[in-house]
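Here's a quick briefing on a protein chain, written for reading with the model open. Take a look at the structure first, then work through the points below.

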Amino acid sequence: DKAEAAAETAKQTFEQGRLGADLPAIEVAKADLQQGLGVLAAFVKAGLVASNSEARRQVQGGGLKVNDAAVTDDKAQLTLKDLT
């Protein structure tokens, strides 16, 4: 059942271009984005990596994306303009 639910979420997200109901999400305070949230910290906060060091290694290897674009600068800041 869980595999089928995951497959349906992936289909909705990647094939149909909409967010699946089971897609994980995190909340970020608007003030954090207004100030600029470091991309490394954002990935740690989202639980996608365990540490800033791991996030940095993933950036260097081309393994992290924001809005379907690879993150190439480990000092990049996410702002309100990054919301989709």
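Starting at the N terminus, the elements of the protein chain run α-α-β-α-α-β-β-β. That makes four helices and four strands; these are DSSP runs numbered from the N terminus, with helices being H or I of at least four residues and strands being E of at least two. This is a predicted model, so to speak of local features a pLDDT of at least 70 is needed, side-chain atom pairs count only at pLDDT 80 or more, and totals for chains, interfaces and linings use all residues. Residues are numbered from 1 along each chain as its sequence is written, and side-chain values use heavy atoms, with hydrogens and water left out.

**The chain as a whole**

- The C-alpha trace of the protein chain spans about 40 × 30 × 20 Å along its principal axes.
- Of its 84 residues, 23% count as buried; buried means under 20% relative accessible area, exposed means over 50%, and partly exposed is in between (1.4 Å probe, protein chains only).
- Take the contacts with a separation of 6 or more: 35% of them are between residues 24 or more positions apart, where contact means heavy atoms within 4.5 Å.
- On the charge side, there are 10 positive and 12 negative side chains, and the centres of the two sets lie 6 Å apart. Lys and Arg count as positive, Asp and Glu as negative, while His and the chain ends are not counted; each charge is placed at NZ of Lys, CZ of Arg, CG of Asp or CD of Glu.

**The nonpolar core**

- The largest nonpolar core has 13 residues, and those with the most contacts inside it are Val39, Phe43, Val66, Val71 and Leu78. Such a core is a set of buried Ala, Val, Leu, Ile, Met, Phe, Trp, Tyr and Cys residues joined through side-chain atoms within 4.5 Å.
- Helix H3 (39-45) and helix H4 (52-60) each supply at least two residues of this core, and H3 gives the most, with four.
- Val39 is in contact with Val66, Val71, Asp73, Asp74, Ala76 and Leu78, leaving aside neighbours within four places in sequence.

- Asp74 sits in the loop between strand S3 (69-70) and strand S4 (77-78).
- Asp74 counts as buried because its relative accessible area is 18%.
- The side chains of Asp74 and Arg56 are joined by a polar contact of 3.1 Å. That term means a pair of N or O atoms within 3.5 Å; within protein, one must be able to donate a hydrogen and the other to accept it, and residues adjacent in sequence count only if both atoms are side-chain atoms.
- Not counting residues up to four places away in sequence, Asp74 touches Val39, Leu40, Arg56 and Val59.

**Positive phi in a loop**

- Most residues other than glycine have a negative phi.
- Asn67 is not a glycine, yet has a positive phi of about 55 degrees. Asn67 lies in the loop between strand S2 (65-66) and S3, and is partly exposed at 42% relative accessible area.
- Asp68, in the loop between S2 and S3, also has a positive phi, near 65 degrees. At 73% relative accessibility, Asp68 counts as exposed.
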